[in-house]
Amino acid sequence: MSKRNAILAAATRLFSQNGFQGTAVSELSTLTGAATGTIFHHFRNKEDLFLQVLKDVKVNLLEQFEHHRQQTLPEESGIAIVADVVTFYLHLAGTMEDQFLILHRHFPYQMAETSPVCRDHLASIYTCLLDIFEEGIQKGVRDGSVNVDDPRKTAMVLFAMVDGIVRLNTYRVYDAGALYQCLMAACHRLLGGRLLSR
């Protein structure tokens, strides 16, 4: 792993655990063995470092979804695709805990108020995720396995519901796995179709 990638990996962990304000460059230096000057050789300042971490979160998350989508069989019904997307999102939240914790913290949204780059990263993450949810819903409308009037708004509601459960799990408020069957039943009611459990 290159020094730059080692710095990014450690920074992701620190930002997720300590937040932006609570992450000290000196701690990052100690953790990686990289001198402060080396860190600032790769990144202009702490905000630039965070923006690169956020960009990597975006790239990794969307690459994981793209790889997973390539495994989807073309003959699957829209409702089955939606069930699979929900299940995979929960799986990713469990395997990419640091990245999801960064997305669920308040500071990226505070930074987005003044940083167009941060705002663009967040917007593209959520737009792509909504597109993935909507794609399954639209296929379900076409094949009759989903019965909704507005696929985009339905995708927003569905995503908010699923991401809300992920947040409960991220902050250790409640085990998302214990809510899985209830979540799938709620998705079924929202989509007005026959949702298949995975």
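**Starting from one residue**

Tutor: Val 85 has 6% relative accessibility, so Val 85 counts as buried (buried is under 20% relative accessible area, exposed over 50%, partly exposed in between, with a 1.4 Å probe and protein chains only). Bear in mind that this is a predicted model, where local features need pLDDT of at least 70, side-chain atom pairs count only at pLDDT 80 or more, and totals for chains, interfaces and linings use all residues. Residues are numbered from 1 along each chain as its sequence is written, and side-chain values use heavy atoms, with hydrogens and water left out.

Student: Fine. Which helix is Val 85 in?

Tutor: Val 85 sits in helix α5. Helices here are DSSP runs of H or I with at least four residues, strands are runs of E with at least two, and both are numbered from the N terminus.

Student: And what is Val 85 in contact with, leaving aside its neighbours within four places in sequence?

Tutor: Phe 65, Ile 132 and Phe 133, where contact means heavy atoms within 4.5 Å.

Student: Zooming out, how many helices and strands does the chain have?

Tutor: Ten helices and zero strands. Of the 198 residues, 47% count as buried, and the C-alpha atoms fill a box of roughly 60 × 30 × 30 Å along the principal axes. Among contacts with a separation of 6 or more, 69% are between residues 24 or more positions apart.

Student: Back to aromatics. How many aromatic pairs are there?

Tutor: Twelve. Rings of Phe, Tyr and Trp (its six-membered ring) pair if their centres lie within 6.5 Å; planes under 30 degrees apart are stacked, over 60 edge-to-face, and the rest tilted. Take Phe 15 and Phe 50: their ring centres are 5.2 Å apart and the planes are at 85 degrees, so that pair is edge-to-face. Phe 15 is in helix α1 (residues 3–18) and Phe 50 in helix α4 (residues 46–70), so the pair links distant parts of the chain, 35 residues apart. Both Phe 15 and Phe 50 are buried.

Student: What about Tyr 89 and Phe 159?

Tutor: Edge-to-face, because the ring centres of Tyr 89 and Phe 159 are 5.4 Å apart and the planes are at 70 degrees. Tyr 89 lies in helix α5 (residues 78–95) and Phe 159 in helix α9 (residues 151–170), so this pair ties together parts 70 residues apart in sequence. Both Tyr 89 and Phe 159 are buried.

Student: Which residues form an aromatic cluster?

Tutor: Phe 65, Phe 88, Tyr 89, Phe 100, Tyr 126, Phe 133 and Phe 159 form one.

Student: OK, helix packing. At what angle do the axes of α6 and α9 cross?

Tutor: Roughly 110 degrees, with the axes of helix α6 (residues 97–104) and α9 coming within 10 Å. Axes are lines fitted to C-alpha atoms, for helices over the stretch in contact, and angles run from 0 to 180 degrees between N-to-C directions. So α6 and α9 are roughly perpendicular (65 to 115 degrees; under 35 is roughly parallel, over 145 roughly antiparallel, the rest oblique).

Student: Who meets whom there, between α6 and α9?

Tutor: Phe 100, Leu 101, Leu 103 and His 104 in α6 meet Asp 163, Val 166, Arg 167 and Thr 170 in α9.

Student: Last one: is Ser 16 buried or exposed?

Tutor: Buried, with a relative accessible area of 0%. Ser 16 is in helix α1, and Ser 16 touches Asp 98, Leu 101, Ile 102 and Arg 105, not counting residues up to four places away in sequence.
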